[in-house]
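Student: Could you take me through one part of this protein slowly and carefully? I would like a close look at a single residue and its surroundings, and then at the pairs of side chains found elsewhere.

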Amino acid sequence: MASHRKSRPAGTRVAGIRTPALATAALTSVALLSQSANAAPATDDRPSLEEVEKKVDDLYRQAESATDNYNAAKEKTTKQRKQVDTLLEDVAQRTEKLNEAREELGSFAAAQYRTGAAAPDTATFLLADTPQDYFDQTQLMGRLTSRQKGAVDDYVTEQSATMKKRQEASESLQTLTESQSDLKTAKATVQKKLADARALLSDLTAQEKARLAAIEKEKQEAAARKAAELAQQQAAAEKAAQEAAQQDGSSGSSASTATDSSYATKAAKALAFARAQIGKPYVWGATGPGSYDCSGLTQAAWKAAGVDLPRVTYDQVNAGTTVSLADAQPGDLVFFYDDISHVGLYIGNGMMIHAPKPGAYVREESIYYDGESAIYRVVRPA
C-alpha cells in the first residue's frame, strides 16, 4: 500500500529543528541587533560643545605659548647668525694678513737660501710645527735682523689671533645649529596645535557652530560688564585722588604730575599706532606691518613711541614697573595666564587693543575676555 506524505510549509519545525528559512531570519535579526548595540556608544563618545570650546581655547593658548618659544628661538638664531657672519668675515681678513706675513717670511727664507746659508733660520721656522716649538729649540730671535724679527712677530700674532677666531666661529656655528633645531621644533609645535584646533572646529555641525558663536557672544557681554565695573571703580578712585590733592594744597605733586604727563605722551603715541592696526590679522610670529601676533603688536606700538620692548611676552613682562589693575593707565601692558602667553595694550575703561588668536583680527576687547582669573599682571613699560 502506497504511503502518502503531506507537504509542510517552509519554515515550520521538524523534529525540533528550524528549517533554513527560519534560521536565516533569526541570524539576520541577531546581526542587526549586534550592529545597533555596537553603534550606540559612538554617540555617547562625542564631546559636548562646551568641551570642544574649552579644548579649542586650550589649544590656541598652547599655540600662543609655543609661538613665544618660536619667536625667542628665531630672535636668538638671527643674532647668532649675525655673530657667525661677523666672525667668519674677521677670520677671512686675519687669514689674509696671515698669508701676507707668511709670504714675507718666505722671501727671507729664499734670500737666505740664495746666499748659501746651510740651515736658513727662516725656512726652518716655517717648517716647524708651531713657531713656539722652534723658539724653544733655537736662538733664532737673537740672529734675525730687526725687519725679520718684526715679520716673525707679525706672523705669530696673526696665527694666534686667526686660530682663536676660527675656534669662536666653530663654536658659534654649533650654537647656531642647535638654535635652528629649536626653531624648527617650536614651529612644528605651533602648527600641530593649530591643526588640532582646526580639526575640532571642522567636525562641528552648522547648528553647533551657531551655538558656539552664541556662547562666545555671551562671554563677550559678561566681559564688557566687568570692564564697565572696573571703569567706574577707576573713575571713583581718580576723583577721590583729585579731591585729596586739592585739600592737601599739593606741594609735592608737581614731580608726579610731570612724570604722568611724560608717560601719557608716549602712551598716546603707542595707542595711536595700535588703533591704526585694528582689523589686521593675527599671524603667529608676525611683527607687522600687515599682520601681528600679540607681543609683536605691543612691541611695534611702543617702538612707535620710542620705547624698545623685548620680542616675547615673558621678557616684556619684566620690561617695566608692575602696577595694580586698579591703577592701570592707557598704554600699560596687560599680561594673561600663568605662562604669560598673551599680552594686550590697555586703553582705559577695562578695555584693551590686542591680537587675540589665529583666525581673528587686531581689535578692541575687554581685558576680562577670558575671565578675571586670566589676568596675570599689569606692567608700565616707560
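Tutor: Of the 382 residues in the protein, buried residues make up 34%, where buried means under 20% relative accessible area, exposed means over 50%, and partly exposed lies in between, with a 1.4 Å probe and protein chains only. This is a predicted model, in which local features need pLDDT of at least 70 and side-chain atom pairs count only at pLDDT 80 or more, while totals for chains, interfaces and linings use all residues. Residues are numbered from 1 along each chain as its sequence is written, and side-chain values use heavy atoms, with hydrogens and water left out.

The protein has ten helices and six strands; these are DSSP runs numbered from the N terminus, helices being H or I with at least four residues and strands being E with at least two. Residues 24 or more positions apart account for 66% of the contacts with a separation of 6 or more, a contact meaning heavy atoms within 4.5 Å.

Ser-341 counts as buried because its relative accessibility is 1%. Its side chain makes a polar contact with the side chain of Asp-339 at 2.9 Å; a polar contact is a pair of N or O atoms within 3.5 Å, where within protein one must be able to donate a hydrogen and the other to accept it, and residues adjacent in sequence count only if both atoms are side-chain atoms. If residues up to four places away in sequence are not counted, Ser-341 touches Arg-61, Glu-64, Ser-65, Asp-68, Cys-294, Thr-313 and Phe-336.

Two of these neighbours lead on to aromatic rings. Phe-336, which Ser-341 touches, is buried with a relative accessible area of 0%, and Phe-336 forms one aromatic cluster with Tyr-337 and Tyr-369. Arg-61, also touched by Ser-341, lies over the face of Tyr-337, at 3.9 Å from the ring centre; a charge sits over a ring if NZ of Lys or CZ of Arg is within 6 Å of the ring centre and within 35 degrees of the ring normal.

The structure holds four aromatic pairs, and rings of Phe, Tyr and Trp (its six-membered ring) pair if their centres lie within 6.5 Å, with planes under 30 degrees apart counting as stacked, over 60 as edge-to-face and the rest as tilted. The rings of Tyr-70 and Trp-284 have centres 4.7 Å apart and planes at 75°, so this pair is edge-to-face. Because Tyr-70 lies in helix α2 (residues 49-114) and Trp-284 in the loop between α8 and α9, the pair ties together parts that are 214 residues apart in sequence. The rings of Phe-336 and Tyr-369, with centres 5.4 Å apart and planes at 80°, are likewise edge-to-face. Here Phe-336 lies in strand β2 and Tyr-369 in the loop between β5 and β6 (375-380), so the parts tied together are 33 residues apart in sequence. Tyr-369 counts as buried, at 17% relative accessibility.

Charged side chains come next. Side chains of opposite charge can pair when their charged atoms come close. A search of the whole structure finds twelve salt bridges, each being a side-chain nitrogen of Lys or Arg within 4 Å of a carboxyl oxygen of Asp or Glu. The side chains of Asp-293 and Arg-311 meet in one of them, at 3.0 Å from N to O. Asp-293 lies in the loop between α8 and α9 (294-304) and Arg-311 in the loop between α9 and α10 (313-316), so the pair ties together parts that are 18 residues apart in sequence. Asp-293 is buried, with a relative accessible area of 1%, and Arg-311 counts as buried at 7% relative accessibility.

Lys-192 forms a salt bridge with Asp-196, the closest N and O atoms being 2.8 Å apart. Because Lys-192 and Asp-196 are four residues apart in helix α6 (residues 146-202), they are separated by about one helical turn. Lys-192 counts as partly exposed at 47% relative accessibility, and Asp-196 is partly exposed too, with a relative accessible area of 27%. Finally, Glu-53, Asp-57 and Lys-219 are linked in a network of salt bridges.
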